[in-house]
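Here is a short note for your reading of this model. Please keep the structure open and check each point as you go.

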Amino acid sequence: MKGRVIKSTGSWYLVHTEQGILSARLKGKFKQDELKLTNPIAVGDWVILEKEVGQESAVIEEILQRDNYVIRKSTRKQHFSHIIASNIDQAILVITMKKPRTSLGFIDRFLVATESYGIPTLLLVNKMDQLEGEEEQDWLQDIHEIYEPLGYPVLEVSALVDKNLDTKLFPHIQGKSSLISGHSGVGKSTLLNSLLPNARQDTKEISGYSAKGVHTTTFAELFFLPGAGDLIDTPGIKEFGILDVEDEELSHFFPEMRQFLGQCKYNNCTHVNEPGCTVLQKLEEGYIHPYRYQSYLNILHQEDSYR
Ligand SMILES: Nc1nc2c(ncn2[C@@H]2O[C@H](COP(=O)(O)OP(=O)(O)OP(=O)(O)O)[C@@H](O)[C@H]2O)c(=O)[nH]1
Ligand SMILES: [Mg+2]
Ligand SMILES: [Zn+2]
């Protein structure tokens, strides 16, 4: 029987099947291609499973080929990676201007990861009810000015108090499988609860925020939308370590650079200081935002293992 993994706690998985939701475990050891994963099975995976004789539980026999996934470096285990979710139609990156502040650098790293799998990504600015002062207005304006022209929609919401959250969001999520990601405390679970009250995800004030690595949501979980589509709530991430992107390849995942690639003098141009570089010329002419170029350099200049 076939099913989709809707929750993974590390050793047990909840799988949605035609016979309902089954609790399942993995059969023996799984051979993963080249990937060293902290989670062999991710939420969103399609699997083949078999009910255990005389029991309610099932055994996962096979993971079907993933269409795509969002993957990051594991922060706990060196050389290991963690699949945040798989088989998704889009990613929703929840961002906030304070408590916590989402940096443009973090957004750009996330976007490189989703671009590398061609996963459309929407930026959801949450906690709009708390926006105050000129500096915060500037931050918001930057977000619109930088990302919308690149094809990333920017939506403004207040997950906690918005009366029109449904009307604002449903056109974007209906019928699609959407990953919800972002720093801890930006309101991912609050958003989910507001849209799907039955989800009853724990949410927590971020008063003790200095305590690093404290997440309210500890496991990814998929929730079905009425009709069609689903939302995947995930634990907050502090840093996003990008995986398997070569220097020469990185600019392909910056849409504003992509259009000029192939026009540089050298075909292995990394767009840093090479003569005849079209990207540098376009930066100079204002076609590429300086913040985005800075993110490009930051990612490029990080050691591969820290990228
Ligand atoms: N003022 C305001 N507070 C909000 C809003 N959305 C969420 N919050 C609050 O932000 C805090 C964190 O919300 P959560 O939903 O737990 O955040 P999360 O992103 O799920 O966090 P993790 O599970 O740790 O990744 C809670 O106290 C929420 O009530 C909002 O729109 N406005
Ligand atoms: Mg949460
Ligand atoms: Zn170049």
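1. Start with the side chain of K127. One of its N or O atoms sits 3.1 Å from an oxygen atom of ligand 1. Keep in mind that this is a predicted model.

2. Next, look at the backbone. An N or O atom in the backbone of S189 is 3.0 Å from an oxygen atom of ligand 1. G236 also uses a backbone N or O atom, and here the distance to a ligand 1 oxygen is 2.9 Å.

3. How much of ligand 1 does the protein bury? On its own, ligand 1 exposes 660 Å², and the protein buries 92% of that.

4. Now the shell. There are 23 residues around ligand 1. Those that come nearest are D129, S184, K188, T190 and T217. Sorted by class, the shell holds 14 polar, five charged and four nonpolar residues.

5. Move on to the zinc ion, ligand 3. Which protein atoms are its donors? They are SG of C264, SG of C269, ND1 of H271 and SG of C277. These donors lie 2.0 to 2.4 Å from the zinc ion. Along the chain, their spacing reads C-x4-C-x1-H-x5-C.

6. Why is the arrangement around the zinc ion called tetrahedral? The four donor atoms subtend angles of 104 to 114 degrees.

7. C264 has 10%, so C264 is buried. C269 is buried too, with 5%. H271 has a value of 3%, so H271 is also buried.

8. Last, the disulfides. A disulfide is a covalent bond between the sulfur atoms of two cysteines. How many disulfides are counted in this model? The count comes to zero, taking a disulfide as a pair of cysteine sulfur atoms within 2.5 Å.

Terms used
Residues numbered from 1 in each chain as written. Chains lettered and ligands numbered in written order. Predicted model: local features only at pLDDT ≥ 70, side-chain atom pairs only at ≥ 80, totals over all residues. Heavy atoms only, no water. Near = heavy atom within 4 Å. Polar contact = N/O pair within 3.5 Å; in protein donor to acceptor, adjacent residues only side chain to side chain. Areas by Shrake-Rupley, 256 points an atom, 1.4 Å probe, with all protein chains shown as cover. Nonpolar A, V, L, I, M, F, W, Y, C, P; charged D, E, K, R; others polar. Donors = N, O, S within 2.8 Å, 3.2 Å for Na, K, Ca; no water. Tetrahedral: all angles 85-135°; square planar, octahedral: opposite > 155°, others 65-115°. Buried < 20%, exposed > 50% of the residue type's maximum accessible area, 1.4 Å probe, protein only.
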